[in-house]
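Please keep the sequence and the model in view while reading.

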Amino acid sequence: MRPDERDKFLSSDKLGRPLHDLRISVTDKCNFRCPYCMPAEKYHENYDFLKGEQLLGFGEITRLARIYTSLGVRKVRLTGGEPLLRQGLANLIEELCAIEEVEDIALTTNGSLLENKVEVLAAAGLDRVTVSLDSVDDAVFGNMTGGRECLPDVLAGIFAAQRAGLAPVKVNAVVMRGNNEEGVLELLNFFRGTGIIVRLVEFMDVGTINQWSRDRIVPYTELLERINRRWPLESLEKNYAGEVANRYRYKDGQGEVGFINSITQPFCTSCSRARLSADGKMYSCLFAAEGLDLRTPLRKGATDAEIRSLMVGKWIGRDDRYSMDRAAARQAKKGDRIEMFYIGG
Ligand code: SAM
Ligand code: SF4
Ligand code: SF4
C-alpha cells in the first residue's frame, strides 16, 4: 500500500468517515448572551473565561492546523465564542492561508464587529463568512441575544461582507418555538433578492444549560410548508456530498434558502468535522463529553509526528453519532456534554 493510501485509511473513523473539516474556536468569550448558547444568568460579568496562556497562540493553532492537513483536513472554519473578539484574527487567517493544503477558510460570527474588520479579513485570505442572525425585528433580536441593541451593526456587517467579495454570504438563524418563529418570513423577506442565503437551523440540545426541549424545536417540515405557501420553493441538489443544509430556491428567482435539520434529519453519517477548542483540545463531536488535550504535548516539545499520532488515535477511535442516537432515543444523559461556545459551533 502506498503511504498516501495508508493515510487515507488511517484518517477514517470507526464509521468510515474521513476527516475533512476543522472548526477552530479562537476564544470562548462572547459579547452576546444568546439564551440557547450562553444564557446571561450563568455567563455573568465575572465568569471565568479562558485567558492569557490558557489560549492557544496563533503559531500553535497554525502548527496544529498544518498537522491536521496531513490527516485530510482541507476546510477550516474559525468560530468561538465570538471569534472577532480575538485580537489580530487577520494574522491567523494569513498564517492558515499559507498552508498549501487548506482550500477554504470560513468564519462564523455574530456579525456585530464585522463591518469594520471584514475588508482586512478578506485581504488576509478569508474565503467565506456565515453570520448568525435570528431575527430582523429589534425586540426579538434583543430577546435572542441577551438584550443587545446592535441589529443595525449586524446588518451592516452582512452587507459589508458581501461588498468585500465573500459571496455568497450566509445567514444562519436558530428557530425557537415561541421566540422567533413568527419572524421567520420577515427574516427571509429581508434577504430575498439580495444574494444572501438564509439558513434556518433547528434548535439543538447542545450543552447542558439552554433548557432545550423537543417542543421548542420548530421542525423543518413545518417551516418548509409555511414558506412554500408564501413563496413557492423547489429543492436544489447539494453543492457537495456531505453538505449539511437542505437547499431550496424560490421559484420566483429571488434566491435560495437552506435548512439545517440536526434534530429531525441528523447527518452524522457524513460528519467529517473535528473541533479544536480555544485551549487546544480536540473534540470529535459537538456533543462530546471529553476532548483530547493537544496543548500540553505541544508545549512540552512534542514533534509533529507525535502530535499527529495523537490526532490519528482520536479520529480512528471515533464512533460519535450523537444526533442519530438522539433520533433513536439512545443518547447519553444530560450533564456530560460540553457547551457550544467553548467547543466552537
Ligand atoms: N459567536 C459566533 C456566532 O454566533 O456565529 C460563533 C459561535 S456560535 C456558538 C456558532 C453557531 O452556533 C451560531 O450560528 C449559533 O446560532 C449556533 N448555536 C449555538 N447554540 C445553538 C443551539 N443550541 N442550537 C442550534 N444552534 C446553536
Ligand atoms: Fe455568542 Fe454565538 Fe453563542 Fe450567541 S451563539 S452567545 S453570539 S457564541
Ligand atoms: Fe457530527 Fe456529532 Fe453532530 Fe453527529 S452529532 S453530525 S457526529 S457533530
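The model is predicted, so local features require pLDDT of at least 70 and side-chain atom pairs count only at pLDDT 80 or more, while totals for chains, interfaces and linings use all residues. Residues are numbered from 1 along each chain as its sequence is written, chains are lettered from A and ligands numbered from 1 in the order in which they are written, and side-chain values use heavy atoms, with hydrogens and water left out.

## Strands and their pairing

Helices (H or I, at least four residues) and strands (E, at least two) are DSSP runs numbered from the N terminus. Two strands pair if DSSP finds at least two bridges between them.

| Strands | Direction | Bridges |
|---|---|---|
| β1 (residues 21-25) and β10 | parallel | 4 bridges |
| β1 and β2 | parallel | 5 bridges |
| β2 and β3 (residues 104-109) | parallel | 4 bridges |
| β10 and β11 (residues 281-283) | antiparallel | 2 bridges |

Arg23 has Arg275 of β10 as its bridge partner, and Ile24 stands opposite Leu78 in β2. From β1 the chain passes through helix α2 (residues 58-69) to β2, in a right-handed β-α-β crossover. Right-handed here means that, with the strands pointing away from the viewer, the path from the first strand over the helix to the second runs clockwise. A right-handed β-α-β unit is likewise made by β2, helix α3 (residues 89-97) and β3; between these two strands, Val76 has Ile105 of β3 as its bridge partner.

In strand β2 (residues 75-79), 5 of its 5 residues are buried; buried means under 20% relative accessible area, exposed over 50%, and partly exposed in between, with a 1.4 Å probe and protein chains only. One face of β2 carries Lys75, Arg77 and Thr79, and the other carries Val76 and Leu78.

Strand β10 (residues 273-276) is covered on both faces: Arg273 and Arg275 are buried on one side, and Ala274 and Leu276 are buried on the other. Leu276 has Met282 of β11 as its bridge partner. The hairpin of β10 and β11 has 4 residues between the strands, and Gly280 in this hairpin takes a positive phi near 85°.

## Two buried residues

Thr130 is found in strand β4 (residues 128-132) and counts as buried because its relative accessibility is 3%. Its side chain makes a polar contact of 3.2 Å with that of Arg77. Such a contact is a pair of N or O atoms within 3.5 Å; within protein, one must be able to donate a hydrogen and the other to accept it, and residues adjacent in sequence count only if both atoms are side-chain atoms. Beyond its neighbours within four places in sequence, Thr130 is in contact with residues including Leu107, Lys170, Asn172 and Arg199.

Ile158 is found in helix α6 (residues 151-163), and its relative accessible area of 0% is why Ile158 is buried.

## The shell of ligand 3

Which residues surround ligand 3? They are Arg17, Phe267, Cys268, Cys271, Arg275, Cys285, Leu286, Phe287, Arg318, Asp320, Tyr322 and Ser323, where a residue is near a molecule if one of its heavy atoms lies within 4 Å of it. By class, this shell has 7 nonpolar, 1 polar and 4 charged residues. Ala, Val, Leu, Ile, Met, Phe, Trp, Tyr, Cys and Pro count as nonpolar, Asp, Glu, Lys and Arg as charged, and the others, Gly among them, as polar.

Definitions and conventions
Contact means heavy atoms within 4.5 Å.
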